[in-house]
Amino acid sequence: MKLTGAQILWESLVREGVTEVFGYPGGAILPAYDALLDYPIRHTLVRHEQGATHMADGYARATGGVGVAVATSGPGATNMVTGIATAMLDSSPIVCITGQVGSRLIGSDAFQEIDITGITLPITKHNYLVTRAEDVAKTVREAFVIAKAGRPGPVLIDITKDAQQASCIFDWDAAAPTIPGWRHAHPIGQEQLARAAALLNAAERPVILAGHGVMISGAMDPLRQLAERAHIPVAVTLLGIGGFPASHPLNLGMMGMHGEAWVNTAIQEADLLLACGMRFDDRVTGNLKTYAPHAKKIHIDIDAAEINKNVRVDAGLIGDLRDVLERLLPAIAVNERAAWAQRIAGVRGDAAVRDIQQLPDDGHLYAAHVINDLWRATTSDTIIVTDVGQHQMWEAQYYHHDAPRSLITSGGLGTMGFAVPAAIGAKRARPDAEVWAIVGDGGFQMTMCELATAVQERLAIKVAIINNGFLGMVRQWQEFFYERRYAATPLSGPDFVKLAESFGIHASAVSIRGEVLPAIADARAHDGPVVIDFRVEQEDTVYPMVPAGADLDAMIRRPNPIAETGAD
Amino acid sequence: MSLHTFAVYVEDRPGVLNRVASLFRRRGFNIHSLAVGHSEIPGVSRMTAVVQTDPGGAQRIQAHLYKLVNVLRVEDITTRPAIVRDLALIKVTADQQTRTSLVQLAHVFNARIVDVAPESIVLEMSGSEAKIDGLLEVLRPYGVLEMVRTGRIAIARGSGAESTERPSGALEVDEGISYSV
Ligand SMILES: Cc1cc2nc3c(=O)[nH]c(=O)nc-3n(C[C@H](O)[C@H](O)[C@H](O)COP(=O)(O)OP(=O)(O)OC[C@H]3O[C@@H](n4cnc5c(N)ncnc54)[C@H](O)[C@@H]3O)c2cc1C
Ligand SMILES: Cc1ncc(C[n+]2csc(CCOP(=O)(O)OP(=O)(O)O)c2C)c(N)n1
């Protein structure tokens, strides 16, 4: 069968199971767009190519499948860079397809020619420049293998215009991927497993650190079995939230910079850490020199380059988490560890008194209240997508996730502007799920143009703007570390309700606690997209906080609640 | 921190050298030298990369290299008995008076004279970096006009597991290492 390169592109994507793509057309990708009309793939027209990449990312994270974004050459391709980097740092499998100028023009600074494979070299797992129609099918197949396999990540395929236009024989079977550098993870030896099990069984104060790898590998069940059998409390990373049910008695909560005090205290007092698919990010460890000083460390990760990268470990088990945990389980002894549980409960009690949930309703609207109310009002299969900043941390603290993949957030790159487009992508992936974007007034203004996408595509995302009139998280750093000199953090914005309405979106504003639940109920009852402008306390602070690079237990704690509300 | 030598087998494709070099830069490793050429397998190039790092860094370099899709095999041959060579071409000022002593020097250092012109000669020397540095030092006073060096290339001695006969066109999987794409 003879097809054009453009037809082969879609033919191949269809065979890879792709039904949704997010993109924006332009000259160099026009042949592909023209051919798209004949294939059973739905195209979501975005408003900015960064949005397309975040949508593909949100799509991927909501399902575990691969998200696909399409853009033209030059500015279309460079607009994708932030989204590709976001996916790279959070190990999210996306395939980005960009048009490129004709192959004979490459290197000539032709109109909208940019070296996008060069630009994205360090932020993709792999990338391709395709200059012949004959190479399209094989490249697409390889790209999907690479994006999904091992530690997932973004792959970019840059296809020249002539490769899209030329015709050749399409032979799917002949285009089977051949990746000579491909290796399967070497199965872990019985000896290594036995050693890890012995360390675990001997521990009196163990803590499990559960990361994003739990979701990626689908290791929720063996993780839970292991924790329950050996009575080991589980702390999660920001991206590990949902990998272990928040409502489980062994759940500690999020670790690290904005983790609750008892979580970090438990880690610092632990005599063993079992790290599962997490990469000891600096927001997780604080000062490495004083990190978990008494603990032996076991690290299970599929990426050999993560072992001993930040933290020196006593046992590194390289492999798929689910597989490793399943093989480890039979060797794990049942153990009550009552003294350790008691110790942790003790530390936890102190923090609960300082918890913002205990604050009286004093007329102020706190972001944490809004988020906690949203949690009360929604079910555990709701998908929450957050942006970056204070609201992101409050979400992690006050929305209690029981289900895997129910929180989607940009952790490693911390990309503001992520929430709205990623929520659109998540809604595409799981149209029946309730999807909320929680976003600051700063980040919202970065990608709010994608509201038009939601309207055009009838995607009923619910957007909760946590509007504090500041670039809140940066303001917080200025408060703590720059003597409250608020350089460039006070932020104005449009009337978000009018703005949303101008898009044809149902919207409301909330400024007192009593209106929070009714507004949420109203949003849930409405069957289109909704924006709620939550006008919260302007100079609120995320507690606790481990200053960057400080010891993990040197937390800035929430002041006594009486003091905080005393003025009112 | 010391110099580590890696033999890296890569697919012979456009851009692969760039990917490897970019990896070292991106991860903050300093390349002391990087030499590339064909290997014994058609379609496969072999690089010799010399990097300043510690043993932990050397392990991570190996793991990171394996993550590059076009990298087929990595051997850290730092501690293995190996032949290590650098090739230098050095153009030195030479006239009637100095030419004879330069020829003698070349002889002592086992270097070859590969070009003689009225005002200069070109010496070719292969050997360890230190030996070549030694030659260079004694040549300086004569006036070194130009020099080019390949950087280290290295191959393990004898018939270690790695250097046994391989089926052509294929590389064995190193059983000692786990890695993912
Ligand atoms: C404002 C802000 C504040 C933050 N504060 C915190 C904080 O307080 N606490 C916190 O935890 N984070 C915080 N973060 C996020 C932090 O920067 C990191 O993104 C996060 O800690 C990374 O989590 P992770 O290691 O679980 O996930 P990833 O970075 O996604 O790493 C996943 C790991 O799992 C491995 N893996 C993947 N697949 C598998 C598999 N199948 N089997 C085994 N292993 C696998 C990967 O190789 C990798 O090592 C913050 C971010 C921002 C923007
Ligand atoms: C694209 C981008 N630019 C800058 C930053 C730095 N930054 C981190 S948090 C933050 C403030 C976010 O403010 P807002 O969106 O209003 O959320 P809030 O912290 O108030 O909840 C900024 C500017 C970033 N993470 N991403």
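Predicted model: local features only at pLDDT ≥ 70, side-chain atom pairs only at ≥ 80, totals over all residues.

Trainee: Which helices of chain A each supply at least two residues of the shell around ligand 1?

Mentor: They are helix 10 (212-217), helix 13 (282-285) and helix 17 (390-398). Helix 10 of chain A gives the largest share of the shell, four residues.

Trainee: How many residues surround ligand 1, and which are the closest?

Mentor: A residue is counted if one of its heavy atoms lies within 4 Å of the ligand. Here 37 residues surround ligand 1, and the closest are A:Thr237, A:Met255, A:Arg279, A:Asp301 and A:Asp320. By class, the shell has 13 nonpolar, 15 polar and nine charged residues.

Trainee: Which polar atoms lie by the oxygen atoms of ligand 1?

Mentor: A polar contact is a pair of N or O atoms within 3.5 Å. A:His212 places a polar side-chain atom 2.8 Å from an oxygen atom of ligand 1. The backbone also takes part: an N or O atom of A:Leu238 lies 2.9 Å from a ligand oxygen, and a polar backbone atom of A:Met257 is 3.1 Å from one. Taken alone, ligand 1 exposes 990 Å², of which the protein buries 98%.

Trainee: How do strand 2 and strand 3 of chain B run, and how many bridges join them?

Mentor: Strand 2 (residues 30-38) and strand 3 (residues 44-53) run antiparallel, joined by eight bridges. B:Ser33, for instance, has B:Val50 in strand 3 as its bridge partner. Five residues lie between the strands of this hairpin, where B:Gly43 takes a positive phi near 80°.

How values were computed: Residues numbered from 1 in each chain as written. Chains lettered and ligands numbered in written order. Heavy atoms only, no water. Polar contact = N/O pair within 3.5 Å; in protein donor to acceptor, adjacent residues only side chain to side chain. Areas by Shrake-Rupley, 256 points an atom, 1.4 Å probe, with all protein chains shown as cover. Nonpolar A, V, L, I, M, F, W, Y, C, P; charged D, E, K, R; others polar. Pairing = 2+ DSSP bridges.
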